[in-house]
Amino acid sequence: MPLFHPTRRLVGCSSLVACCLAAASAWSQVPAVVINEIHYAEDDATVHGEFVELHNAGTEPVDLGGWFFDSGIPFVFPAGVTIAPGGFVLICEDPATVQAKWGISPASVHSWNQGVTPPVWNRLGNGGDSLVLRTAAGAKLKPVDLAAYS
């Protein structure tokens, strides 16, 4: 019996194609929100300007209500937060500092210190960290939803 059997190879290829199509279909249903920027390690440790910026690279608005980071920063988006197509949202340690320093609209800025007493400063590890963003259902967005930095 030959080592190469065309029929078996075709069956294997069709199975691989079916898996790839199923995965592509699943990814296409996931919103196009990515971790776009991470600002950590302020030059002056008394300036609380650390932030993580999300960007909606898609063509539809995305409801972020219930989305959360399961690594890096303890933050869950409250209900009613949306990100417009091509829009940005910041999650930061101190909204007033971020708004004053970069002139960002208050509507797109959220604090990971909201409701935290006392506030936790310098949450983003200056020596590196991982941030994992998930949908309200717990699904990872795309491979970009994990941002490691150092």
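**Aromatic pairs**

Author: Phe75 has a relative accessibility of 8%, so this residue counts as buried, the cut-off for buried being under 20%. Bear in mind that the model is predicted. Phe77 is buried too, with a relative accessible area of 2%.

Now to the pairs themselves. The structure holds two aromatic pairs. In one of them, the ring centres of Phe51 and Trp102 are 5.3 Å apart and the ring planes stand at 75°, so this pair is edge-to-face. The step from angle to name rests on a cut-off: planes over 60 degrees apart count as edge-to-face.

Where do Phe51 and Trp102 lie? Phe51 belongs to strand β2, residues 51–56, while Trp102 belongs to helix α2, residues 95–102. The pair therefore ties together parts that are 51 residues apart in sequence. As for accessibility, Phe51 is buried, at a relative accessible area of 4%. Trp102 has 35% and is partly exposed, because that class covers values between 20% and 50%.

The rings of Phe75 and Phe77 also form a pair: their centres are 4.9 Å apart and their planes are at 85°, so this pair is edge-to-face. As given above, Phe75 is buried at 8% and Phe77 is buried at 2%.

In general, two values describe a pair of aromatic rings: the distance of the centres and the angle of the planes.

Definitions and conventions. Residues are numbered from 1 along each chain as its sequence is written. This is a predicted model: local features need pLDDT of at least 70, side-chain atom pairs count only at pLDDT 80 or more; totals for chains, interfaces and linings use all residues. Side-chain values use heavy atoms; hydrogens and water are left out. Rings of Phe, Tyr and Trp (its six-membered ring) pair if their centres lie within 6.5 Å; planes under 30 degrees apart count as stacked, over 60 as edge-to-face and the rest as tilted. Helices (H or I, at least four residues) and strands (E, at least two) are DSSP runs, numbered from the N terminus. Buried means under 20% relative accessible area, exposed over 50%, partly exposed in between (1.4 Å probe, protein chains only).
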